[in-house]
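Trainee: Could we take a close look at one part of this model together? I'd like to go through it slowly.

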Amino acid sequence: MSETIIIAGAGHAAGQVTVSLRQGGFAGKIIMVGEEPYLPYQRPPLSKKYLAGELELDRLLIRKQKFYDEHDIDVRLATRVEEIDRSNRSVTLSTGEKLGYDRLVIATGSHVRKVDLPGVGLAGVHYLRTIDDVRTMQPDFQPGKNLIVIGAGYIGLEVAAVAVTRGMNVTVREMADRVMNRVVCPEVSAFFEKVHREAGVDIRCNRNPNSELLGDGHVEALRAADGQEFPADLVCIGVGVLPTTDIAAAAGLDCDDGVLVDECCHTSDPRILAVGDCTNHPNSLLGRRLRLESVHNAQEQAKTAAATICGHLKPYAQIPWFWSDQYDLKLQIVGLAGTHDQVVLRGNPDDRSFAAFYMEGDRLIAVDAINRAREFMLSKKLIAQGARLDAEILADESIEFKDLATAALD
Ligand SMILES: Cc1cc2nc3c(=O)[nH]c(=O)nc-3n(C[C@H](O)[C@H](O)[C@H](O)COP(=O)(O)OP(=O)(O)OC[C@H]3O[C@@H](n4cnc5c(N)ncnc54)[C@H](O)[C@@H]3O)c2cc1C
């Protein structure tokens, strides 16, 4: 008897599960249920080329409809999985339909963290997570208009970069004392702040978050906690995301800052797997549990879950990596900083091409590479292998990085 797999969610991870299941030889029934009206698509361009109007919607799709037709994948869009009934192994959809499963994959991703500011419901105030969010933003995303970005994380800064390049007046307000403080070291924050200021973005850190949005129907201004007012035609809020665990938690699956899974993507119910942003998973290379919000994690966990279902186990063991595009700068981050005791810079930020190496003793644990693809690629291997490096030599640009890496890996 052939098995039925239901996938709850139709985002990046879900799309990859369908691809990897068929590649892995799974011949049973696959039903993918997603609440958005779009086939699985890439979200990164939403704050980059798609927002800039440089990419057609079609190019966002991970696979076209033809792929799902040819591989006999039943895709239900604009439909939610409302409830999981574990004892009967079935799900109830928002259409009222009940579907039975042999295995269920939860790929519900994450959702934006909302802020509770007066006026946040006014037209022109947006969060950025979906294609529809960009589409509602676009009419106001025009040269000469005033944009206020709340939150200087990578999404807020990418939006600021696209907007100022388009000729908008952009202010970024951040509560912390520096931009991207969750993901990069102070040296890299300082570099990005300088680049944005030079491009014309008014970056304001250390801001009291208790501001107020003013307007009559549509946003017109932001009044800061100190009473100062800033004109606004458009406000974009980017203050992080939360894992979407509602249906998993309601079904009694173990959740703790994400749906808890093992290295093969099993949840606390052996018939249910979970993948992507919604999971909290173990990482044997790093020796700890993690919740990640990245395309790399969504793809790799999806491959692991599909392998688990196909019966050839491929435990998840990856060094996390991530990227952000701002202006002509590609920031690539690999590894996890936090336990480092030293940051070594290689290259000069003034050249718009350098890397920050995070060292724990003589062990490399993470790298922020700015327009340094080679350092980024080789560092993935160095970190995975626990390579030990001499900080002084690392900073010495007269020694080729590939020679340094080869020596460390030998
Ligand atoms: C603007 C933006 C820029 C980004 N840039 C980068 C980047 O540069 N690099 C990078 O690595 N990552 C980036 N990311 C993060 C990356 O896109 C996510 O990590 C990735 O999309 C996670 O994939 P996922 O499938 O786990 O979740 P998602 O892509 O969030 O997909 C989950 C889907 O499930 C749906 N869903 C939820 N609950 C249900 C339910 N009950 N029933 C049916 N459907 C449901 C949701 O509506 C959603 O469509 C960016 C994200 C955004 C929003």
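At what angle do helix α8 and helix α10 pack, and how far apart are their axes?

Mentor: Happy to! A word on the basis: this is a predicted model, where local features need pLDDT of at least 70, side-chain atom pairs count only at pLDDT 80 or more, and totals for chains, interfaces and linings use all residues. Residues are numbered from 1 along each chain as its sequence is written, and side-chain values use heavy atoms, with hydrogens and water left out.

Now to your pair. Two packed helices are described by the angle between their axes and the distance between the axes. Helix α8 covers residues 373-384 and helix α10 residues 401-409; they pack at about 5°, with axes 10 Å apart. Helices here are DSSP runs of H or I, at least four residues long, numbered from the N terminus. The axes are lines fitted to C-alpha atoms over the stretch in contact, and angles run from 0 to 180 degrees between N-to-C directions. α8 and α10 are therefore roughly parallel to each other, a label for angles under 35 degrees.

Who meets whom? From α8 come R374, E375, L378, S379, K381 and L382, and from α10 come F401, K402, A405, A408 and L409; contact means heavy atoms within 4.5 Å. Sorted by class, this contact holds 6 nonpolar, 1 polar and 4 charged residues. In that scheme Ala, Val, Leu, Ile, Met, Phe, Trp, Tyr, Cys and Pro count as nonpolar, Asp, Glu, Lys and Arg as charged, and the others, Gly among them, as polar.

Elsewhere, E300 lies in helix α7 (residues 295-310). E300 counts as buried because its relative accessibility is 12%, where buried means under 20% relative accessible area with a 1.4 Å probe, protein chains only.

Terms used:
Helix = DSSP H or I, 4+ residues; strand = E, 2+ residues; numbered from the N terminus. Buried < 20%, exposed > 50% of the residue type's maximum accessible area, 1.4 Å probe, protein only. Parallel < 35°, antiparallel > 145°, perpendicular 65-115°, else oblique.
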